[in-house]
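Please have a look at the sequence and the model first.

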Amino acid sequence: MTEANPPAQPDKELRRRILFLMAEPHRRTDPPYLDEIVEELDEAEDMIRVQLLVLDYQGFVFLQTVLDDLIPSITP
């Protein structure tokens with residue numbers, strides 16, 4: 001491994017894709033539910049859930065749970 005070729009970081013890329021999807025106000029008026037994010041990004045639900053928990057811990061999103069549905073929203 002060299003400085004010019006850093007190791008791949010798929011988790012960071014997935015978090016970036018999740019935030020990008022959530023920040024598209026022209027596509028939706030309400031925050032997307034977990035299942036909508038899973039469908040849109042075509043990733044495993046467990047992987048999306050873990051990455052949302054990481055984003056919540058980092059302060060980028062706020063997670064709500066309503067009837068076992070996870071609803072993330074971007075923090076102001």
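The sections below go from the overall layout to single residues.

## The model and its layout

This is a predicted model, in which local features need pLDDT of at least 70 and side-chain atom pairs count only at pLDDT 80 or more, while totals for chains, interfaces and linings use all residues. Residues are numbered from 1 along each chain as its sequence is written, and side-chain values use heavy atoms, with hydrogens and water left out.

The protein chain has 3 helices and 2 strands. Here helices (H or I, at least four residues) and strands (E, at least two) are DSSP runs, numbered from the N terminus. Along the sequence, these elements follow the pattern α-α-α-β-β. Of the 76 residues, 28% count as buried; buried means under 20% relative accessible area, exposed means over 50%, and partly exposed lies in between (1.4 Å probe, protein chains only).

Contacts tell us how the chain folds back on itself. A contact means heavy atoms within 4.5 Å. Among contacts with a separation of 6 or more, 45% are between residues 24 or more positions apart.

## Where two helices cross

Two packed helices are described by the angle between their axes and the distance between the axes. Helix H1 covers residues 10–22 and helix H3 covers residues 45–58; their axes come within 10 Å and cross at roughly 80°. That makes H1 roughly perpendicular to H3. The axes are lines fitted to C-alpha atoms, for helices over the stretch in contact, and angles run from 0 to 180 degrees between N-to-C directions. Angles under 35 degrees count as roughly parallel, over 145 as roughly antiparallel, 65 to 115 as roughly perpendicular and the rest as oblique.

Which residues of H1 and H3 meet? On the H1 side they are Asp 11, Leu 14, Arg 15, Ile 18, Leu 19 and Met 22, and on the H3 side Met 47, Ile 48, Gln 51, Leu 52, Val 54, Leu 55 and Gln 58. The residues of this contact divide into 9 nonpolar, 2 polar and 2 charged. In this grouping, Ala, Val, Leu, Ile, Met, Phe, Trp, Tyr, Cys and Pro count as nonpolar, Asp, Glu, Lys and Arg as charged, and the others, Gly among them, as polar.

## Two residues of the contact

Gln 51 lies in helix H3. Is Gln 51 buried or exposed? At 3% relative accessibility, Gln 51 counts as buried. Leaving aside neighbours within four places in sequence, Gln 51 is in contact with Asp 11, Leu 14, Arg 15 and Ile 18.

Val 54 is also found in H3, but Val 54 is partly exposed, with a relative accessible area of 27%. Val 54 and Arg 15 are 39 residues apart in sequence, and their C-alpha atoms are 8.5 Å apart in space.

## The nonpolar core

A nonpolar core is a set of buried Ala, Val, Leu, Ile, Met, Phe, Trp, Tyr and Cys residues joined through side-chain atoms within 4.5 Å. The largest one here has 14 residues, and those with the most contacts inside it are Ile 18, Met 22, Leu 34, Ile 37, Leu 41, Ile 48 and Leu 52. The elements giving two or more residues to this core are H1, helix H2 (34–41), H3 and strand E1 (61–66).

Leu 34 touches Glu 45, Ile 48, Arg 49, Leu 52 and Leu 70, not counting residues up to four places away in sequence.

## The hairpin

Strand E1 and strand E2 (residues 69–74) pair in the antiparallel sense over 6 bridges; two strands pair if DSSP finds at least two bridges between them. Thr 65 has Leu 70 in E2 as its bridge partner, and Val 66 has Asp 69. E1 and E2 form a hairpin with 2 residues between them, and Leu 67 in the turn has a positive phi of about 50°.

## Two loop residues

Most residues other than glycine have a negative phi. Asp 42, in the loop between H2 and H3, has a positive phi near 55°. Asp 42 is exposed, with a relative accessible area of 67%.

Pro 32 sits in the loop between H1 and H2. At 1% relative accessibility, Pro 32 counts as buried. With neighbours within four places in sequence left aside, Pro 32 is in contact with Met 22, Ile 37, Ile 71 and Pro 72.
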